[in-house]
Amino acid sequence: MRSRNRFSAFFMLVTGFIFISSLQAQIEVEITASKDNTLYENASGSYSNGSGAGFFAGQNNHGEVRRGLVAFDVAGNIPAGALIQSATLRLNMSRALSGAYSVALHRVLADWGEGTSMAFGEEGGGASATTGDATWIHTFFNTQRWANAGGDFAAAASAAQTIAGDLGFYDWGSTPEMVADVQAWLDTPAENFGWLLLGNEAANASAKRFDSREHSIPENRPVLTIIYTTATNVQNQNAALPEKLELAQNFPNPFNPTTTIKYTLAKNTSVVLKIFDTHGRLIKTLINQNQPAGFHSVIWDGKTAASENAASGI
């Protein structure tokens, strides 16, 4: 997981004094997939690709459907109580049979597994399912089943992307539906079953292959980029080093002409601190650099990036 910390301050003017209405620690994290697999259309549920280098969505050139599965450990990488602001999925498409087709993300409604099966060659035909694999009819081969063959998933798509014949990276989101999915997975980890990738299942040879978390090139593996905010808090500054990232309320508040914003970093990291007005418009970037672990503070003089006093009527 990679993270980037963004602190945001929102302000208004009150009788000649600037008042910061809220402070938020905005953090960006990149999470690699915790599991992925392919559901290969097969009435007996004999095929899977739990440990393969790719997973598929669409229809192969024999008219057989493939549906991808991918999940991310959200609760293991984001603190409880955080508010999700955006969620973007990036996949590397490494093989396409033909044409441009839409691939949609649907929230999965039941848990599923990733066994040790590994398909050969281009992996489109799958391999014999092993214990714990998800298959067309099994959530976990060969003891637990989907309620519906082909997987149980929400009817409404959380996002969709047109995947052309050009190999390379494609992004889904951020959409309100993806944000809602990720927030739900953070709040209720036991119901985090990830997304199903649903391709064009009416067109022959529409299948797309995406690199999996087992791919030999780390940069090609599935990544979910999440931006979230945390509530402000004051860290005990008598400690040798802070234990976590926290942002304290500015002081004084209201202020004229300056105020101090304090924050703590538990490790060396990239920090961005921006001032916005109450309409969400950027006023000034105070910090944009790597900083060491420890206690930090910055003074804002109430001026914009153009060194003008912040306008009234905000």
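**Fold, cores and selected residues**

In the protein, residues 24 or more positions apart account for 72% of the contacts with a separation of 6 or more, a contact being defined by heavy atoms within 4.5 Å. The structure is a predicted model, in which local features need pLDDT of at least 70 and side-chain atom pairs count only at pLDDT 80 or more, whereas totals for chains, interfaces and linings use all residues. Residues are numbered from 1 along each chain as its sequence is written, and side-chain values use heavy atoms, with hydrogens and water left out.

The secondary structure comes to one helix and 21 strands; helices (H or I, at least four residues) and strands (E, at least two) are DSSP runs, numbered from the N terminus. Of the 314 residues, 49% count as buried, where buried means under 20% relative accessible area, exposed over 50%, and partly exposed in between (1.4 Å probe, protein chains only). The accessible surface of the protein comes to about 14,200 Å², and 49% of this surface belongs to carbon and sulfur atoms, as computed by the Shrake-Rupley method with a 1.4 Å probe.

A nonpolar core is taken as a set of buried Ala, Val, Leu, Ile, Met, Phe, Trp, Tyr and Cys residues joined through side-chain atoms within 4.5 Å. The largest such core holds 33 residues, of which W172 and F210 touch the most other members. When residues up to four places away in sequence are not counted, the residues touched by W172 include L89, L91, V103, L105, I163, M178 and F210, together with the polar T88 and Q161. A second, separate core has 14 residues, among them V65, A71, W112 and L198.

Two individual residues illustrate the accessibility classes. D187, found in helix 1 (residues 176–187), is partly exposed because its relative accessible area is 49%, and its C-alpha atom is separated by 9.7 Å from that of L83, 104 residues apart along the chain. N220, by contrast, lies in the loop between strand 15 (208–211) and strand 16 (223–230) and is classed as buried because its relative accessible area is 13%. Residues up to four places away in sequence aside, N220 touches N92, F169, D211 and H215.

An open sheet of three strands has the order 17-18-21 with antiparallel pairing, two strands being paired if DSSP finds at least two bridges between them. Strand 17 (246–247) and strand 21 (294–300) are the edge strands, each pairing on one side only. Strand 17 pairs with strand 18 (residues 259–265) in the antiparallel sense over two bridges, and L247 stands opposite Y263 in strand 18.
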